[in-house]
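Work through these exercises with the model open beside you. Try each task before you read its solution.

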Amino acid sequence: MDFLSITKLIASLSLIFSISLILYQWISLLKKPKVTDYSLPKGSSLNGIIYAFTLGMAPWTKESTRKHWILYFRGILFHMGIFSALFIFIVKILWNYIPDLLLPLALLSGIGALMGLVGILLRIAERNLREISNFDDHISLWLVSIFLSLVTISSISPSFTPYMFIFTSIMLLYVPFSKIRHFLYFFFSRIFFGLHIGKRGILKKLEVIHGK
């Protein structure tokens with residue numbers, strides 16, 4: 001096996017390990033006992049969940065994002081870059097190259113890397129962020145930002161792909177034990193939020209407030 005094949009195998013095994021452990025954590029969360037809400041329903045829980053995953057994530061629905069639109073869109077670009085880079089990573093595992101049609105995704109991953117750098121600088125320079133940031137916050141952000149950079153470079157220069165595979169393998173082994181797995185809890189938190197505001201009839205009040 002050549003160097004590329006070896007690193008690809010390592011990356012594939014790391015991806016399988018990471019996905020398997022995350023699925024285990026997901027199943028474990030689903031098995032946890034659910035707390036019953038005995039209050040009388042005043043609205044639709046389903047409508048609340050739909051709102052939580054749609055307009056409930058709009059920047060004007062939270063005070064923090066209403067006041068910091070630039071940071072909100074920084075986060076959007078950062079996560080778009082992550083999804084693009086992950087897709088490119090999987091494509092490279094399967095086919096060793098990136099079709100020209102997917103090259104715009106490499107641009108998105110590059111933009112995501114820049115947004116990650118901004119996030120790193122903010123955690124160092126901004127007092128409030130610095131106070132609440134722990135070691136894992138910094139390491140996770142560095143790992144993801146470097147991953148985005150390496151995916152972008154390997155898309156431009158395919159000879160760099162083995163080194164991208166090696167680094168990504170390290171990141172994937174760390175993912176199930178780090179804050180990077182927050183995407184796992186995102187769905188649970190949004191569903192809980194949607195159930196609550198829907199059943200309690202809060203959704204109608206929110207629509208009136210945001211409508212103004």
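**Exercise 1.** List the buried residues of H4 and find what covers them.

*Solution.* This is a predicted model. Step one: apply the cut-off, under 20% relative accessible area. In H4, the residues that count as buried are Arg74, Gly75, Phe78, Gly81, Ile82, Ser84, Ala85, Ile88, Phe89, Val91, Lys92 and Ile93. Step two: look for their cover, which includes H1, helix H5 (103–125), helix H7 (135–156) and helix H8 (161–174).

**Exercise 2.** Check the span of H4 against its 27 residues.

*Solution.* Step one: take 1.5 Å times one less than the number of residues. Asparagine 96 follows H4, and its phi is positive, near 75 degrees.

**Exercise 3.** Describe how H1 and H4 pack.

*Solution.* Step one: H1 (residues 3–31) and H4 (residues 69–95) pack at about 130 degrees, with axes 10 Å apart. Step two: classify the angle. Over 145 would be roughly antiparallel, and 65 to 115 roughly perpendicular. H1 and H4 are therefore oblique to each other. The crossing is left-handed. Step three: find the contacts. Lys8, Ala11, Ser12 and Leu15 of H1 meet Phe89, Ile90, Lys92 and Ile93 of H4. By class, this contact has 5 nonpolar, 1 polar and 2 charged residues.

**Exercise 4.** Is glycine 119 buried or exposed?

*Solution.* Glycine 119 lies in helix H5. Its relative accessible area is 7%, so glycine 119 is buried. Leaving out residues up to four places away in sequence, glycine 119 touches Arg74 and Leu141.

Definitions and conventions
Residues numbered from 1 in each chain as written. Predicted model: local features only at pLDDT ≥ 70, side-chain atom pairs only at ≥ 80, totals over all residues. Heavy atoms only, no water. Axes fitted to C-alpha atoms, helices over the stretch in contact; angles between N-to-C directions. Helix = DSSP H or I, 4+ residues; strand = E, 2+ residues; numbered from the N terminus. Parallel < 35°, antiparallel > 145°, perpendicular 65-115°, else oblique. Left-handed = near helix turned anticlockwise from the far one by under 90°. Contact = heavy atoms within 4.5 Å. Nonpolar A, V, L, I, M, F, W, Y, C, P; charged D, E, K, R; others polar. Buried < 20%, exposed > 50% of the residue type's maximum accessible area, 1.4 Å probe, protein only.
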